[in-house]
Structure formats: C-alpha cells, structure tokens
Amino acid sequence: MLSVLFIVLAGCVGSVSYPPEITILSPQDGAALDLDSPQEIELQWKISEKELHSWTVDVYFGEEGATPTKIVSNQMVESVKVNVELDKDYTWKVIAKDSVGRTSEKAASFTTGKGKLRVYVAQYNSGPAVEGATIIVRDHETGEEVLQSTTDEEGKVVLNVSELPEKIDIEAEKSGYALSKIVGIKVVSARTKPVEMQLRVAALNPDPSSQEYPTVQVELLDMNGEPLTEPATETFQVHVAVESENHVSVIYCSLGKVPGSSFFGPRSIASDTNEATFTIFTTGWNGETELNIVVYDYNDNRVHVVEYVDITQGGEEPEYVFLPVPPALLGYVNLVAYTRNDALEFYSAKNILNKRDQEMAKIHSNSITKDLGTKLTAAPEGSNLFVEVTWLDYDTLYYYGLLGPLAEEPDGYNIYRSFDGVRYQKIGFVSSGYNFYDSSPQLAPGKETWYAVSSVYGSYESEKVYLGSVVPLDSFRVNLIEPEDGETEVSRQPTFSWQPTKLLITPESTVDYYYTIAIYDAIQSDGNIMVPVYEKDGQLYLQEWYAPDDRMIQAKFDDYQWYYLGLGLSPYDKLEAYKTYDWGVDYAIAISEDRDSQSFSISIDYGWGIDPIDVVLPEKHNEFTTGLE
C-alpha cells in the first residue's frame, strides 16, 4: 500500500506531464468594463499545450449567482462573443481538454458599467450580521459625505460605484454599538471583492453620538527607517501612532488580509499602547497589495486603515512544481465548517469562561475517554461560523516520506474561495502549514462555498488545486424536558429526556445528532460530576446517544453505569434520597458529511474537546430533588 501511495503522490507533486495551460486574456478576473449601453463583447483566452497534443475547449458564461451556460463545446477556438447588459456581474470559465484526456480550467469574473461596491457588516470576527446599521460613505480626501445607506438582514449594502470618488472612507453606526470605519479604500480594487467590516457592541458607552474615532497615523518605512519609496521586496516596516479619547486597547497589522485573532492566522499585534512599529514580510504577495491596520479602543470603537504597498517578487517557474494534495485522496476531508452556538468575539483575549468553567472543562477533558466514532474528527445570532480549509503540504508529505524526488519546496500557499464554483478570489496566504480558517461574514448556514489552494514560488503561482465545497449547518439549542427544573419527589432512578429545538437539513447529506448528559452533585456536596459510561476492551468510554433527526431522546438512569469524574465508578445503583442535583446535556452536536467535507453544528461542548476553540456552554441545567424511592 505504501508503494502505491508513494507513486500516487509522486505523480501529484512531480511535474511529469502537462495538461493544457489556459491564460485568460480579456476580460480578466475582476475587470470592470466601462460601458454606456448593452453590447456584444469578446471573451478571449490562450491555450498552450507543452507536449503538443491537440486540444479543445468548453466555455461557460452567465450572470453571477446563476448556473452558467455552456456556450462553446469541444471546439478548438480561443475567443467567443457574448451579449452583456449594464450594471451586471458576470462569470465565465474555460475548460481545456487534450487528446490524451488531461484537463485544466480557468475562471474569471467581470462587471459592466461602473460596477457596484458591496459592504458586509458583522458583529465580530466569524460572528452574526448587523442589520439596520447606518453606512456613511465619505470622500477620503475631503471628508464629504457622498452616500448613505442601511444594512439589510444579511448585514449588506450595495453601493453604485459611479457615484464614488477614487478613494473612500466607510463608517458604520448603530445605537448600542461602538463606532467603526474603514479608511482609504480604493474603489477600483474594492469593487472586485466585497468590503468586510466589524461593528461591535459597545463595551462602555452605547451611544455612538457621544464617541469619537481614534485618529490613526501610518508610516511605511524601509528597513533603515526611511520612507518607503521603492517597491518592497522581502521586508518593510510599518509605524502606527494613535490618538484616542479612550485608551487604546490593541493595534493589529497584516498584509493582504484583515487582521484579528491569531486563531484565524498570523498577524502583528501591540496591546495597551498608542504607538507601535511592525516588520512585515512580503512572501506570497506581488504587485499592489492591501496593508491593513486595525485599532480598537476600550469602548471597542474600531478604525481600519488600508494602505497600498507595491511589492516586487522575483522567481521563475520551477522545473518541478509541487501541487498541494487534497486530503480526500487519502480518505480524509478537505473542508470542515463549524457553527458554534456560544459566541466568542476573538479579540484581545476575550473569553466566555469564568474560572469555575475553566476548571470544570479541565476535569471533563482529563478524566475519561470519548468514543465518538469515525464521523467526528461554525453565523447565526450569538454564534460563530467559520470554515477550516486543509491540504497536504510539502512539509507534511516530506515528513512521511511521500514526496516525489523532484518536487521543489514552495514559499507558501494561496487560498481561494468561491460562492458559485466558478469565480474564485484569493482570501489569504500562508507561508507554511496545511490549514487556513475562513471567518468571512459572507459565510452563512446553507450557503454552499467552494475553496482551492495553490503553491507560490516568488512571483510564480501554480495552478489551483480544487478542494470541493462545503455547506455550513445552522445552529440549534437543546430543550431539557425531564426531570423539569425545580421538580421534587423525582425517582432515584430517573428517566432523563431532551430534544433539539430545530431539525437541521443540508443538501450534502443527512444530519446526525450526538449527545451525552451529566448529573451535577454540586448542590449539597463538594462538586462531583457523574457521567454515563460503558466498557469496551477494558477501557471506559463515555456513553453517547445518536439520532438521525430532531426526535426526543430518553435515558433511564439504571440502564447505565455512572462514573464520578476524578473519583471512579459509582458504587450505587440509585441517586441519594431527598437530595438536590443538577442535570444537563454536556455535549450536543449535529454533523453532516460528504466525500470531501464535514459540517459541525456545536450546540453544547462543556469541555469535551469537540469544539476547536473553546468550550460551548450549555444554556441551562435543570435542578431537581429526589424522593424516597
């Protein structure tokens, strides 16, 4: 098996044969066609066949969000004419096939007329949309207001680019929330991808009219501390100085992506200071690239400054290109979506847990083994929603001896996302590693999202490796039915029953629910916790319940063994008489999966380690008191 696997991976990473190479000529990806009327335009591309085989192409074309139509089928052509209307977004894709059966594809999108600018507002990183926020667009040079709008239920506004100056500032305000604005966005670049903002609930003063934005000054410097006048090659410095009515909480800085929590990727950070200097590495970026500086004060007022850095990378196409390998080829998944039912705001080490909860989580995770099966390996209001994108990278394959002998190590990997399976936009770069977390407010339960990854060698980028798609699940909660909260004279061998609040559905597969429960002997004792267990191969495993839908679950006390966490198996077959206990569901998760992806909806994870970030606290426990029998 190992030799077969080696051959397969060597074929993936060593460039031993070439599919046709496609170059998109016009309109290129992200182009905005300045048209005055509906008209016929020409889609143009070029095909290069290194091994001189014959080739044909299929071409697909359509409006964004609709299924594209095949307009060319099995023809040896490099252009086709199509009719377009004004103020529309279009996508098109070329699939090339050679005579020995190898294929490749390239996709692009463009707008007609002056184009549109889309702004998405979320409450926090990976958090829910903010509906009803006032969006004010100002001329960056004069400060004059040029547009005003209000976010819809998706936290979105769509703005007409023809009414906007070259550079703009965007402000977001809503009662109860802190202030938020983005400074210095170039409209010509912003219209090729949506602008994403955060508008946080105010930490101190909920009246936005009483607050002022921090003033942020940014200097781009070379490594000698002089103003940056030439294109950056390897490194440069960023000096940030802030004046603020409130104390500055944190300063973030990142190239090519909006910075935040380290969970969502590397960034530079300085806390509790008004001034900071960061060293920025340019690997993975080329040409004009966004530099993002984000500042928070202690009210969570937020200023996001965008600077544009000209970057020049050297490097040529290596003789033997390494292509990332989709884990699905080895029986794993490429994409995992997480919906967390207990919001974590990912900022300045904020944590939803108090000391007791942290200690409880330690007790849970260190006492007993989970047997959650092979199926186990994010936003609605009050939740987090994010997607983990994974691939097999050079270092991992090298470590396991699975690399072909000729593959050359890349500088890193570009990550791409698409919401239609045709048009892909770069959303990040990692210099090493095998995963990337996407926390965009454009993600949503039930919204299919596609991803791809490529290898980067200086200014050269490999073809994309497509990782498939994932559909995030909605969130759900759990109703505790029996024993009821406050119930007395409960049997010493009670039946516990509970039910999820929602039936989750997805086009990818059925949705399976998993649960376990716990009894908290914490009212009249020193805080013992009892969980149901079973024995297998001499090891105790946590008892869990499974359901293929939202049916009610029942568990009778005397049908199971009970384990006191940290103390061992209970010597009693009944609860104590006339004693008060708490009970609750200790984890409740729903899972869907297909060949290349999994989706988790985590309603509760009280320290069992299922959630990738933290514990997801239960909403409540029911307190009950036993009787004599």
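## Strand pairing in an open sheet

Two strands are taken to pair if DSSP finds at least two bridges between them, and the strands themselves, like the helices, are DSSP runs numbered from the N terminus (E, at least two residues, for strands; H or I, at least four, for helices). In this predicted model, 7 bridges join S16 to strand S17 (residues 235-243), and the two run antiparallel; Gln217 stands opposite Ala241 in S17.

These strands belong to an open sheet of 3 strands, in the order S16-S17-S20, with antiparallel pairing. Strand S16 (215-221) and strand S20 (275-281) stand at the edges, each with a single partner strand, so one side of each has no neighbour in the sheet.

## A nonpolar surface patch

Leu329, Leu330 and Tyr332 form a nonpolar patch on the surface, with about 320 Å² of accessible area together. Patches are made of residues with over 30% relative accessible area and no salt bridge, like charges being joined within 9 Å and nonpolar side chains (Val, Leu, Ile, Met, Phe, Trp, Tyr) within 5 Å; a salt bridge is a side-chain nitrogen of Lys or Arg within 4 Å of a carboxyl oxygen of Asp or Glu. Accessible areas come from the Shrake-Rupley method with a 1.4 Å probe, and for residues only the protein chains shown count as cover.

Leu329 is found in the loop between strand S22 (302-311) and strand S23 (335-340), and at 52% relative accessibility Leu329 counts as exposed (over 50%; buried is under 20%, partly exposed in between).

## The chain and the basis of the values

The chain has 4 helices and 43 strands, and 53% of its 629 residues count as buried.

Residues are numbered from 1 along each chain as its sequence is written. Local features need pLDDT of at least 70 and side-chain atom pairs count only at pLDDT 80 or more, while totals for chains, interfaces and linings use all residues, and side-chain values use heavy atoms, with hydrogens and water left out.

Conventions: Buried < 20%, exposed > 50% of the residue type's maximum accessible area, 1.4 Å probe, protein only.
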